[in-house]
Structures are given as structure tokens and as C-alpha cells.
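Subject: Structure handover

Hello,

Here is the structure you are taking over. Please open it first, then read the notes below.

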Amino acid sequence: MSKTLLRLVPETLDQLKPNGPRPYYEDLASGSFLPGWARLQPPLWREPQSNFIPTIWRYADARVALERAGDYVPMEQTDRRNLIMVNPVEENRYGTTRNLVAAYQMIKPGEVAAAHRHTPNALRLILEGDRNVFTTVNGKRLDMMPGDIVLTPNWHWHSHANQGHETAYWIDFLDVPLVQNLEGMFFDPGNPEVEAVAANQSASHSPLHFSSGEIVARDGLLKDGKPATMIIAKGMMRTIGLELIGVPAGSATAECRVMANNIFAVVGGRGTIFVDGKELGEPVGRGDVVAMPIWRKHRFEAMDDLVLFRVSDAPVYEALGLYRENQ
């Protein structure tokens, strides 16, 4: 028996007044049937409907909160000390957008976040750290300098360590909500012998490691006075697309809407984001994060040279033949 359907029956019948006696529809609900001719909302609509909410999270706020968590929450009590960015749409309890989640994470000097692996893809954008902070992926050390991007694709062992003297901070991005909805979640907490901390075996030239600063300089993303975009790590994670976007001071990205959920993180600079023609909050700066749900018109205006890191689920929609732009 579907309790949800039974709850909906009175409201549906009162509003739609379909032909047939009320007990008939109650019997259908008791058998977990939904009459297709008596629905309050259609299953199909002309274009995507707004659901998740465009939202900004501030790094300054998260940093203060994580500092306090460092006093309250030792690593022995948690595998990861992080703050999840939960979209404020009603009844949402986890995702930053429909298919993606982002979180600020912190690791103090001398700490190690133990190795584990999982079916969701994951990556991180480093905000603060030095060459004594690193992620170990399948036994290879990847340094975590500010602006670095480190990938941990599906089912790769990964741990984090801080052998320096200053606290490190970064932003995690994962496709956990997508994997949850697909019911494809597997998680292996591992054991201390699985993932050794390779402290003296740096592999920063790994295909899993990128320097945003080097990419911006090499590809001239801020040189021509107009916005430019560079795709990175294409195909390395089948559900997540990554781009670096340079928006020179005084310029703006073209207004667009795409059939993909986006999370933008500010690598450097300052700018303002407009959604559906209206300014979304105060200007964003380094470390701030913006959730841009599917099919919402948006653009960025740069107050000074602005570098954005775009994390999206576009590959999912492309693979399914659902991707659209600006229609």
C-alpha cells in the first residue's frame, strides 16, 4: 500500500473531480496504482522547471567555521573534516546541485585523512597549502599548492596529509548525489596498509594533477581583454566536466543557460554574477562558490581579473542526448 498515494487521493479528487466514485480511486491507491488521467502535475513539461536555487557560499565564513571545528572535531572522530554546501531548496538535505555536491575541507598540521575509495568521482581545488600538503592517489603523491586541482576518479584510493606547519584548506567536488540516485554507491574504507603515505615520491606531473595558475598563464586566459575558456581533464571523469574561465577586468561573460548543473569556484579576482538578469548577492571573491542549477540564465562581470573554475555534470547530459545551450 502506498501511503503517499493515499494522502494524495483526497486532494487530487477534490481539485480534478475525475469521473468515477471516490472508493474506486482509493482502491487504486491501495494497490499502488496512479491513474494517469487524474494527476495534479503532468510528468512531461515543455522545458526544464526551476528547482534547485542559485546560491553563493563564502569561503571566509567557511574558513572561520572550519577553524572552530579543528578545536572540536579531531580526525579520530571523522574521516574528513568538511562543511557541505547544501542547496537551500525545500526538502534537500545534501546536494549543492541536483547531481553534484561541494564542500570546504580543512586539514591541520600533522594530520592524515585516511585512505578510502568509492564509486563517486571526486576532485579538489586547493585554496591554502604548501608542498608539505599532499593527496596520495593509488600510491602516488600529488602536491597541493594553492590553485592546484587534484582528481580522484571512480574507485581510486586516496588519502590526504599535512606534514607542514600551517593549516590547509580546499574545496571538494563530487558526483555523490548522482551516484546515490542511480543506486550505484560502493565505498571501501580501506585499511592503513592499503594506501601508504608516499612522502618523498612527488608525482605532481600526473594526469590527475593540474595547476590553474600555469594553465591561465600558458593559454592566455586573461590576455585578450575578453573572456576565454579552457577545458581540462576531458574524459578523465565520465560524469564531471571541468573548465577554467578567465574574465579580464571590465569584461563579462555572455549570458547563457545550459542543460547542465554548474558549480563555479573563484580561483582568483572578484566579480559579480547575474541570474535571470538580476544580481545574485554581493560580489564573489577568491574561494567563494556559486551553485548554478540547470537551465538558469547567468553571466559574470569581472571587477578585476577573474578566474573561475567550473565543475559541471554536462558529460552526463551529453551522453544521454539531453544537452542543450541557449534555446
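The model is predicted. I begin with helix α3.

The buried residues of α3 are Y59, A62, L66, A69 and G70. Looking down the helix axis, these buried residues lie within an arc of 105°, so they line one face of α3. They pack against five strands: β1 (55-57), β2 (82-84), β3 (101-107), β5 (122-128) and β10 (168-174). On the face turned away from the buried side, α3 carries the exposed residues A60, D61, D71 and Y72.

The length of α3 can also be checked. The helix has 14 residues (59-72), and at 1.5 Å a residue it should span 20 Å; the C-alpha atoms at its ends are 20 Å apart, which agrees.

Helix α2 (residues 22-30) has Y25, L28 and A29 as its buried residues. These cover an arc of only 95° around the axis, which puts them on the same side of α2. After α2 comes S32, which has a positive phi, near 60°.

The other item is the largest pocket, with a volume of about 660 Å³. Its lining consists of 33 residues, and T229, E243, R310, Y323 and E325 are the ones nearest its centre. Two or more lining residues come from each of β13 (228-232), β14 (241-247), β15 (262-268), β19 (298-302), β20 (306-312) and α6 (314-319). By type, the lining of this pocket has 18 nonpolar, eight polar and seven charged residues.

Regards

Notes:
Residues numbered from 1 in each chain as written. Predicted model: local features only at pLDDT ≥ 70, side-chain atom pairs only at ≥ 80, totals over all residues. Heavy atoms only, no water. Helix = DSSP H or I, 4+ residues; strand = E, 2+ residues; numbered from the N terminus. Expected span 1.5 Å × (residues − 1). Buried < 20%, exposed > 50% of the residue type's maximum accessible area, 1.4 Å probe, protein only. Arc of directions from axis to C-beta. Contact = heavy atoms within 4.5 Å. 1 Å grid on protein atoms, 1.4 Å probe; cavity = no way out; pocket = protein on both sides within 12 Å on 5 of 7 lines; lining within 4 Å. Points joined across faces, edges and corners; volume = space filled by probe spheres on them. Nonpolar A, V, L, I, M, F, W, Y, C, P; charged D, E, K, R; others polar.
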